[in-house]
Amino acid sequence: MISPNLSAIFYLVSGVLFILALRGLSSPETSRQGNLFGILGMIIAVTVTFLSIGNFSTGFIIVIVFILIGGSIGAFIAYKIPMTAMPELVAGFHSLVGLAAVFVAISAFINPIAFNLGSPGNIKLGSLIEMSIGAAVGAITFSGSVIAFLKLQGIMSGSPITFKGQHPLNAVILISIIITIYLLCSTQSSSLFWILLVISFLIGFLLIIPIGGADMPVVISMLNSYSGWAAAGIGFTLENTALIITGALVGSSGAILSYIMCKGMNRSFFNVILGGFGATDDVSSKSTKEQRPVKSGNADDAAFLMKNASSVIIVPGYGMAVAQAQHALREMVDTLKKNDIKVSYAIHPVAGRMPGHMNVLLAEANVPYDEVFELEEINNDFANADVAFVIGANDVTNPVAKTDPQSPIYGMPVLDVEKCKSVLFVKRSLSPGYAGIDNDLFYKENTLMLFADAKKMTEDITKNL
Amino acid sequence: MEIDPLIFRLSIFILSIFVGYYVVWSVTPSLHTPLMSVTNAISSVIIVGAIIAGLSGNSQSVFNISSIFGFLAIALAAINIFGGFLVTQRMLAMYKKKKKAKQ
């Protein structure tokens, strides 16, 4: 058994290692080393916990068994999961962190002696406040992430679910959570603790159902942030620095990502969270729109245009992930490069269903990361490029965001795809994108629509090159 | 009067938020997905609390309600730790630079 001071120092060391793990992600070269720091920090934290308890009896063996069970499930998932399913996986993992926080809080509430927090029914006030906040945030993270997971997986419809009085109901529940925490802390009543958990689960569920599929990048980042705050809450209860540091890191990381995603859509955080975006008029819009002429072409035309280009910019979006077209795309690009055509990729911050989604898919298809550019880096290059190849993206290329103040996406930063000499737009139909609005790009003089499945079209183009 | 240890923990917490803020802003956008999976893995350091909970039973009864919740939390956190770090590793291994084959 090691002294509490020594173990506190080791927890601090593992907290620092976690900071270095995130620091490593500032560039792909240092990132792998960063991940190793993270693993090391985790090993230190777990080992120190065992040593500080110093109880190597039956309980210890059972703990190891549960770690091995969980660990092998986790390892299995990590190796099997296709890269296109990363958003679902991350949402699923968030729910587990949330649930683990809830379980630890329950355990500490039932048996506070083991955690040095007082006795049942007489828990130290500070600890009880921290514990109930940790439990409530954990429960919200859990049920919210489950809904996000179901939406991303397609088990639940990705369109927003709204009903009358939704926002007042949520507000009432949120207020009652605060009141319940207050009452719980003044009475120490265990039934209030269970009520708190139930209403927190409920609000997590209700908060996420009105948010539509393409807003998931914000939701996932937000839940990431929540899982951090839940961990920090438990960290305060357990007086554990590793948990407090990590909770703060993860909490601010998720918050920054949500901010970046909201900025990428030019919407306020509350506008996203209140939900219902794009749900209202997508039924009526189809019939009212006048028919405008569209130029459509086939793989042969597209191949001809690209062969005669000297530079091509590729704009991938969620559709590429759905069609699993990233490998076919890279093969097409390889062929283009053989013909001495310069190719680069342009990624919009909210392309896909989570932050960095497109980058991972391109990396999976062996696209070197120095050919992939962010919006600000590449947006000026469209004017000098010959062909823009839009594959699976829609709203993020819509010039309406720059020209029409009436449009719901007005002000959103978009890729200046229309400035290219010609635009090839792979899409299955003319249907509007997530925002429920028509894309002006479809009707431009220099746009050629390629109506097909993204993967099949890309393969056909490669054959024709 | 002595300062409550809670204040020290609060200081660590607030300073860590700032550290997190600056560190995360320096993360390159192309690595935002690995960032999420690795933060997922490290926030599962909550396993520390789960282990304490799991070992809270006395020697006669290893399984009481409190320790059962602890064991379950251990399994959940372990899924995240192994899954999170390994999937991050797998993703990061895919990020490659352009091969300068012609030179």
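Colleague: How many bridges join β3(A) to β6(A), and in which sense do the two strands run?

Modeller: In this predicted model, β3(A) and β6(A) run parallel and are joined by five bridges. Strands of a sheet pair through backbone hydrogen bonds, either parallel or antiparallel. One residue pair to look at is A:Ile313, whose bridge partner in β6(A) is A:Ala388.

Colleague: What lies beyond these two strands, and in what order do the strands of the sheet follow?

Modeller: The open sheet of chain A has six strands, ordered β5-β4-β3-β6-β7-β8, with parallel pairing. β5 (372-374) and β8 (447-451) have a single partner strand each, so one side of each lacks a neighbour in the sheet. On average, and ignoring direction, neighbouring strands are turned by 25 degrees against each other. Between β3 (residues 311-316) and β4 (residues 342-347) there are four bridges, and A:Val312 stands opposite A:Val343 there.

Colleague: Which way do the residues of β6(A) point?

Modeller: In a regular strand the side chains alternate between the two faces of the sheet. In β6(A), A:Val387, A:Phe389 and A:Ile391 point one way, while A:Ala388 and A:Val390 point the other way. Five of the five residues of β6(A) are buried.

Colleague: Which strands does helix α12 of chain A lie across?

Modeller: Helix α12 (residues 299-307) lies across β3, β6, β7 and β8 of chain A, at about 145 degrees to β7(A). Helix α14 (residues 326-338) also packs on the sheet, where α14 touches β3, β4 and β6 of chain A. The direction of α14 makes about 145 degrees with that of β4(A).

Colleague: Which residues have the most contacts inside the largest nonpolar core?

Modeller: They are A:Ile314, A:Phe382, A:Phe389 and A:Ile461, in a core of 190 residues. Helix α4 (residues 86-110) of chain A gives the most to this core, with 16 residues. Beyond its close sequence neighbours, within four places, A:Ile461 is in contact with residues including A:Ala299, A:Met306, A:Met332 and A:Phe389.

Colleague: How should the length of helix α1 of chain A be read, and what do its buried residues pack against?

Modeller: At 1.5 Å a residue, the 21 residues of α1 (residues 4-24) should span 30 Å, and the end C-alpha atoms are 30 Å apart, which agrees. An α-helix has 3.6 residues a turn, so residues three or four places apart point the same way. Among the buried residues of α1(A) are A:Ser7, A:Tyr11, A:Ser14 and A:Phe18. The buried residues of α1(A) pack against α2 and α9 of chain A, together with α1, α2 and α3 of chain B.

How values were computed:
Residues are numbered from 1 along each chain as its sequence is written. Chains are lettered from A and ligands numbered from 1 in the order in which they are written. This is a predicted model: local features need pLDDT of at least 70, side-chain atom pairs count only at pLDDT 80 or more; totals for chains, interfaces and linings use all residues. Side-chain values use heavy atoms; hydrogens and water are left out. The expected span of a helix is 1.5 Å times one less than its number of residues. Buried means under 20% relative accessible area, exposed over 50%, partly exposed in between (1.4 Å probe, protein chains only). Contact means heavy atoms within 4.5 Å. A nonpolar core is a set of buried Ala, Val, Leu, Ile, Met, Phe, Trp, Tyr and Cys residues joined through side-chain atoms within 4.5 Å. Two strands pair if DSSP finds at least two bridges between them. Axes are lines fitted to C-alpha atoms, for helices over the stretch in contact, and angles run from 0 to 180 degrees between N-to-C directions.
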